[in-house]
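This report walks through a structure by its packing, its sheets and its backbone details. Please keep the model open while reading.

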Amino acid sequence: MTFETMPFARAMNAGLRRAMEDNPRVMLMGEDIGKLGGVFRVTEHLQRDFGENRVLDTPLAEAGIVGSAIGLAMAGFRPVVEIQFDGFVFPAFDQITTQLAKLTNRHEGAIRMPVVIRIPYGGHIGAIEHHQESPEAYFAHTPGLRVVSPSTPNDAYWMIQDAIASDDPVIFMEPKSRYWQKGEVDTGHRAAELHATRVIRSGSDVTLVGHGAMVSVLLQAASIAEGEGISCEVIDLRSLSPIDYDPIIESVRSTGRMVWAQEAPGTTSLAGEIAATVAERAFYSLEAPVMRVAGFDVPFPPAKLESFYLPDADRVLEAVDRVLAF
């Protein structure tokens with residue numbers, strides 16, 4: 001094993017670098033990703049080391065960027081597109097959902113679309129309007145797209161490589177608040193496959209499930225609950241489409257209770273889909289309804305109100321108290 005401690009953003013950079021070294025057909029595209037290295041410095045020094053033909057600074061035209069990536073994929077390349085902020089993905093929504101997601105099916109598998117769309121998403125950084133969104137449900141709802149979200153530097157390092165290696169289009173949701181989180185990265189051993197759900201903390205009373213930045217919130221809540229004599233199992237979803245349900249169902253059958261947490265608004269979101277599936281597959285094991293903790297059904301608020309909008313450990317613990325009360 002080869003361990004190195006690095007921030008999430010540098011782990012992303014290292015994963016992109018390794019993918020580019022392994023396959024000369026991998027190329028990066030996006031606004032300010034070249035000389036600047038991206039607004040979060042995820043692509044820092046990659047243009048210097050791989051050249052302007054493989055790390056392209058593009059115009060501010062998201063639809064054009066994704067459309068160009070689709071053409072490059074048809075020509076045998078593996079483009080990785082950076083959407084600078086989550087709120088900027090919507091100009092490219094048509095290209096992603098009506099072209100990128102459907103082309104392989106439209107051609108009965110004769111054309112593959114190995115395109116990765118990297119989207120920094122979520123809150124916790126006090127940004128302005130259009131710079132803090134959680135649009136994952138739009139893409140998870142779209143057949144033909146794979147949607148994943150790492151929560152640790154180690155997962156960031158491996159999952160971006162696996163996403164690039166996929167012959168299907170992958171929406172790669174990066175929790176921007178975790179870019180500066182440091183963690184151990186094992187560059188010699190893959191911990192889990194791209195779409196595997198993982199149990200990251202064992203417990204016996206309540207199952208806590210989330211993805212991205214919510215995972216650290218769930219771990220914080222589990223630590224506080226432990227001090228109150230409550231044992232919480234924490235599960236990192238990792239893949240939002242497809243979803244590996246088996247570890248979740250196994251955990252719920254053991255604990256009898258589940259709390260789901262997300263930054264996105266709760267209405268018609270992943271929360272409802274996962275709660276319904278757990279109810280279908282583990283109904284006779286549930287001692288209480290599945291509780292959902294989510295952002296509110298309002299536009300993402302200004303920075304000064306962010307702390308009221310985003311789920312925190314206190315809101316998760318309130319949901320834990322409710323499921324234990326049944």
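## Two helices side by side

The axes of helix H3 (residues 62–74) and helix H4 (residues 93–100) come within 8 Å of each other and cross at roughly 30°. Axes here are lines fitted to C-alpha atoms, for helices over the stretch in contact, and angles run from 0 to 180 degrees between N-to-C directions. H3 and H4 are therefore roughly parallel; angles under 35 degrees count as such, those over 145 as roughly antiparallel, 65 to 115 as roughly perpendicular and the rest as oblique. Helices (H or I, at least four residues) and strands (E, at least two) are DSSP runs, numbered from the N terminus.

On the H3 side, Ala-63, Val-66, Gly-67 and Ile-70 take part. They meet Gln-95, Ile-96, Gln-99 and Leu-100 of H4. Contact means heavy atoms within 4.5 Å. By class, this contact between H3 and H4 has five nonpolar, three polar and no charged residues. Ala, Val, Leu, Ile, Met, Phe, Trp, Tyr, Cys and Pro count as nonpolar, Asp, Glu, Lys and Arg as charged, and the others, Gly among them, as polar.

## Basis of the model

This is a predicted model: local features need pLDDT of at least 70, and side-chain atom pairs count only at pLDDT 80 or more, while totals for chains, interfaces and linings use all residues. Residues are numbered from 1 along each chain as its sequence is written, and side-chain values use heavy atoms, with hydrogens and water left out.

## The seven-stranded sheet

Seven strands form an open sheet with mixed pairing, in the order E3-E2-E4-E5-E7-E6-E12. Two strands pair if DSSP finds at least two bridges between them. Strand E3 (55–57) and strand E12 (239–241) are the edges; each has a single partner strand, so one side of each lacks a neighbour in the sheet. Neighbouring strands of this sheet are turned by 20° against each other on average, direction ignored.

Helices pack on this sheet. Helix H1 (residues 8–22) touches E2, E3, E4, E5 and strand E7 (170–175), and its direction makes about 135° with that of E2. Helix H7 (residues 153–165) lies across E2, E4, E5, strand E6 (146–148) and E7. H7 runs at about 165° to E7.

How many residues of strand E4 (residues 78–82) are buried? Five of its five are. Buried means under 20% relative accessible area, exposed over 50%, and partly exposed in between (1.4 Å probe, protein chains only). In a regular strand the side chains alternate between the two faces of the sheet. Both faces of E4 are covered. Arg-78, Val-80 and Glu-82 are buried on one side, Pro-79 and Val-81 on the other.

E4 has parallel pairings with E2 and E5. Strand E2 (residues 26–30) pairs with E4 over five bridges in the parallel sense, and Met-27 has Pro-79 as its bridge partner. E4 and strand E5 (residues 116–121) pair over three bridges, also in the parallel sense. Val-80 stands opposite Val-116, and Glu-82 has Arg-118 as its bridge partner.

E13 and E14 pair in the parallel sense over four bridges. Val-259 has Met-291 in E14 as its bridge partner. Four of the five residues of strand E14 (residues 291–295) are buried, so the rest of the structure largely encloses this strand.

## Backbone details

The peptide bond from Ser-241 to Pro-242 is cis, with omega near 0°. Ser-241 lies in strand E12, and Pro-242 is in the loop between E12 and helix H9 (246–255). Ser-241 is buried at 16% relative accessible area. Leaving out residues up to four places away in sequence, Ser-241 touches Ala-140, Leu-145, Arg-146, Val-147 and His-195.

Two non-glycine residues have positive phi. For His-124, phi is near 75°. This residue lies in the loop between E5 and helix H6 (136–140) and counts as partly exposed at 35% relative accessibility. For Thr-268, phi is near 45°. Thr-268 is in the loop between strand E13 (258–265) and helix H10 (270–282), and is exposed at 78%.

## The annotated domain

UniProt, in an unreviewed entry, places the feature "domain: Transketolase-like pyrimidine-binding" at residues 6–181. UniProt positions are given in the numbering used here, feature names are shortened, and annotations may be inferred rather than shown by experiment. Over residues 6–181 the chain is 36% helix and 17% strand, and the end C-alpha atoms are 8 Å apart.
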